[in-house]
Amino acid sequence: MILSVSNIDKSFNEIPILQNVSFHIEDNEKAAIVGINGAGKSTLLRIIMGELPADNGVVTVSRDKTIGYLSQQEAVSGENTIYDELLCVKQDIIDLERKMRSVEMQMKTSSEDTLKQLMDTYSSLTHSFESANGYAYKSELTGVLKGLGFAEKEFTRLVSTLSGGQKTRVALGKLLLLKPDLIILDEPTNHLDMSSITWLETYLRSYKGAVIIVSHDRYFLDRIATKIIEIDNTKCSVFAGNYTDYAAKKELARAAQYNAYMRQQQEIKHQEEVIEKLKSFNREKSIRRAESREKMLDKIDLIEKPTEIHADMHLKLEPRFASGNDVLHAEELSKSFGSLTLFEHLGFDIKKGEHVAIIGDNGTGKTTILKIINELLFPDTGEIRLGTNVEIGYYDQEHHVLHMDKTLFEEISDEYPTLTNTEIRNTLAAFLFTGEDVFKQIKTLSGGERGRVSLAKLMLSKANFLILDEPTNHLDIMSKEILEDALNAYTGTILYVSHDRYFINKTATRILDLNRKVLTNYLGNYEYYLEKKDEQLALIDANLNTNSLGIQSTAGTHFDGSSGLSENSSASGSKQDWKEQKEQQAAQRKKENELKKCEERIEVLENRNGEIDNLMISPDVCTDVAKLQELSKERERNDNELNELYNKWELLSE
C-alpha cells in the first residue's frame with residue numbers, strides 16, 4: 001500500500017466539505033476521484049499533499065515512497081527553454097555522465113597504482129548510469145515532449161513565452177519524467193488535444209507506479225481507472241472498475257437506497273397513524289402504548305433520501321421553426337494567419353437534423369471554421385451559404401457572446417426584452433443561479449458559471465442550427481450528461497467542436513476530422529471514427545482519393561472518379577504538357593529513391609548504436625578505457641549523422 005486516507009473531515013466557514021473520507025491506494029493502482037464541481041475533490045488532493053490541514057483524520061504515505069502532484073493551476077516559470085526545463089529533471093543522470101567523462105580523462109594519464117581504483121569507480125558509475133536508463137534519457141525526454149503535443153521546432157522556445165496551457169503541459173512533462181511512486185493529477189487533460197490525451201492514456205496505463213486522477217473526462221477515466229472514489233454530499237464511496245462500471249453500480253445503489261428510503265417512510269407514516277389512533281382512545285393503557293411506539297420511532301436510524309439525478313439543472317432546447325433540408329454549404333475554404341496556413345480548399349455540407357462534430361489537434365483550425373460560419377472571421381478564399389430559414393445559435397468557448405459588465409439578469413433581459421422578471425429568474429434558476437446570484441456581474445463568474453449562462457441564452461434563442469465551440473469545457477460530469485440528453489432530444493441541426501470523446505460518442509451522428517489540412521468525413525460516432533481513421537489517414541498520406549473540395553469520406557461517396565491518381569497528378573494532366581509531366585515524375589522518383597536510401601542509412605546507424613550500447617556495458621569492454629573511448633566517439637559520430645538524416649527524412653517525407 002502506498003497511501004492511506006483515514007476519516008478525513010474538512011469544513012470552510014463551518015460548512016462541511018468532507019466528512020469521514022477514507023480510502024487507500026495500492027502499488028500500481030490507477031484510481032480516479034469523481035464528483036460534481038465544488039464537491040471537494042481538489043481540497044482532498046491538497047490535504048493529501050499537506051498543502052491544507054484536515055480538521056480531523058490522518059493521511060499516511062508508506063515509507064520511502066515518493067509522490068508527484070500536478071494541480072489545475074500549476075505551471076512552470078523561468079527563462080529556460082522547454083527542452084532545458086525538462087532536462088532539469090534528469091540532473092542526477094547528467095551529473096553521472098559528467099563524472100564518467102571525468103574518470104575517463106583521469107584514466108588516460110593515471111599510473112598503474114591508481115588505474116585499478118579508477119576502473120572500479122568507472123564500473124560503479126556505469127552501472128548506476130545504466131540503471132537510471134542513462135543511455136536513453138534524451139530520447140525519453142523527446143518522446144514525452146512530442147507526446148504532450150510539442151513539435152521538435154518548439155523545444156527551443158523559452159518557457160516565459162508560452163501560454164498558460166503550454167506551461168501546464170511542460171509541468172506535466174516534468175512530473176512524468178520524475179517517475180514518482182504515486183502520481184496525482186488534477187484535470188490533466190484540460191490543456192491537451194486528442195492525440196496528446198491518447199498518448200497520456202497509454203503512458204499512464206503502462207506506468208509502473210500508482211496514479212490518482214481528478215477528471216471530468218469520462219472516456220479518459222474509462223481507459224485508465226481501475227477504481228473510482230466518489231465524493232458526493234461530503235461523503236466518500238469507493239467502487240471497483242472504470243467509470244462505466246461505477247456509473248452502473250451507482251445507479252443500482254441509488255435505486256436500492258431509494259427503495260429502502262420509501263419503505264422506511266411508509267413504515268414511519270404507518271406508525272404515526274397508529275400512535276395518533278392510540279392517543280385518540282384517551283385511556284391510560286393506550287397512551288402508554290403510544291408513548292412506547294414514539295420512543296421506538298425516535299431511535300430509528302433515518303435513511304437519507306438519495307439525491308435525484310439531474311434534479312436541479314434543467315435544459316430543453318427546441319427550435320422556433322424548422323429549417324430547410326440544406327442547412328449549410330461550404331466550398332473552397334482557405335485560411336492563413338501570416339505564414340501559417342491552417343487549411344485550403346475545404347468543403348462540406350450539413351443537412352437538417354444532423355449532429356456533426358469537428359475534431360482534430362490543437363491549432364488545426366477547428367474553431368476558425370466555426371468563426372467563419374458565424375462571420376466573426378472571413379476566409380481567404382471560398383464561401384459559406386446558409387439554407388432556407390436557418391437561424392443560428394452560437395456557443396463559443398471564450399464566451400464572447402456574453403457582456404462582462406452586465407449582471408446575469410441584465411444579460412438575459414437585454415437579449416430577450418419580452419420576458420417577464422419571473423421568466424428570467426426561472427430560466428436562470430434552471431441553470432443553478434438563484435436569489436442574489438442573478439445580480440452578479442458576468443466578469444466575476446468562473447469559467448463553468450459563464451458556460452451555464454451561455455447555455456441559458458442558447459436555450460432561449462430557439463435557434464434551429466446550433467454551433468457550439470467546446471460546450472463541455474468547465475462542466476462537471478452531471479452537467480455534461482444533462483447537456484447530452486438535451487442535444488440528443490433536439491430536433492434541429494448541430495455543428496460543434498469538442499475534445500470530449502465521451503460526449504462526441506454520445507451525441508455525434510457524423511464526424512469531420514481536420515487533419516493534415518484536410519477534412520475527412522466519418523458517417524458515425526467516435527467509436528466508428530476510431531475504427532476507420534487509420535485507413536483514411538493512410539489514404540490522405542498517399543494523397544489518394546482527394547476531391548476538389550478537400551473532403552474525404554469513409555462512405556466513398558465524395559471521391560473523385562476511379563483513376564486512383566492524386567489531386568496534383570490529375571491537375572497536371574490538364575495543365576502541363578507531356579514533357580513537364582515526365583520531368584515531374586522523374587523528380588518524384590528521385591525523391592523517393594533518396595527517401596529510401598535515407599531510411600536504410602537510419603536503420604543501419606540505429607542498429608549500430610544498439611550494438612555499441614551493449615558492448616559498452618559488457619564485462620570485456622567496460623574495463624578497457626581505450627575501447628570505451630573509441631566506441632563513445634563512434635556513437636557520437638552516429639548521433640550527429642542521425643540528426644542530419646532525421647531532418648532530411650522529414651523534408652523528403654513532406
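So, Ser334: skipping the neighbours within four places in sequence, this residue is in contact with Phe343, Glu344, His345, Pro379, Asp380 and Thr381, where contact means heavy atoms within 4.5 Å. One of those partners, Thr381, also has a polar contact with Ser334, side chain to side chain, at 2.9 Å. By polar contact I mean a pair of N or O atoms within 3.5 Å; within protein, one has to be able to donate a hydrogen and the other to accept it, and residues adjacent in sequence count only if both atoms are side-chain atoms.

Before I go on, this is a predicted model, where local features need pLDDT of at least 70 and side-chain atom pairs count only at pLDDT 80 or more, while totals for chains, interfaces and linings use all residues. Residues are numbered from 1 along each chain as its sequence is written, and side-chain values use heavy atoms, with hydrogens and water left out.

Back to Ser334. You'll find this serine in strand β10, residues 326–337; helices (H or I, at least four residues) and strands (E, at least two) are DSSP runs, numbered from the N terminus. Is Ser334 buried or exposed? Ser334 counts as buried, because its relative accessibility is 8%. The cut-offs are under 20% relative accessible area for buried, over 50% for exposed and partly exposed in between, with a 1.4 Å probe and protein chains only.

Next stop, Gly448, in helix α14, residues 447–461. This glycine has 11% relative accessibility, so Gly448 is buried too. From Gly448 to Thr472 is 24 residues in sequence, and 9.0 Å in space, C-alpha to C-alpha.

Zooming out: the protein has 21 helices and 19 strands, and 44% of its 654 residues are buried. The C-alpha atoms fill a box of roughly 110 × 80 × 45 Å along the principal axes. Of the contacts with a separation of 6 or more, 67% come from residues 24 or more positions apart.

Last one, charges: the mean positions of the 80 positive and 105 negative charges are 3 Å apart. Lys and Arg count as positive, Asp and Glu as negative, with His and the chain ends not counted; each charge is placed at NZ of Lys, CZ of Arg, CG of Asp or CD of Glu.
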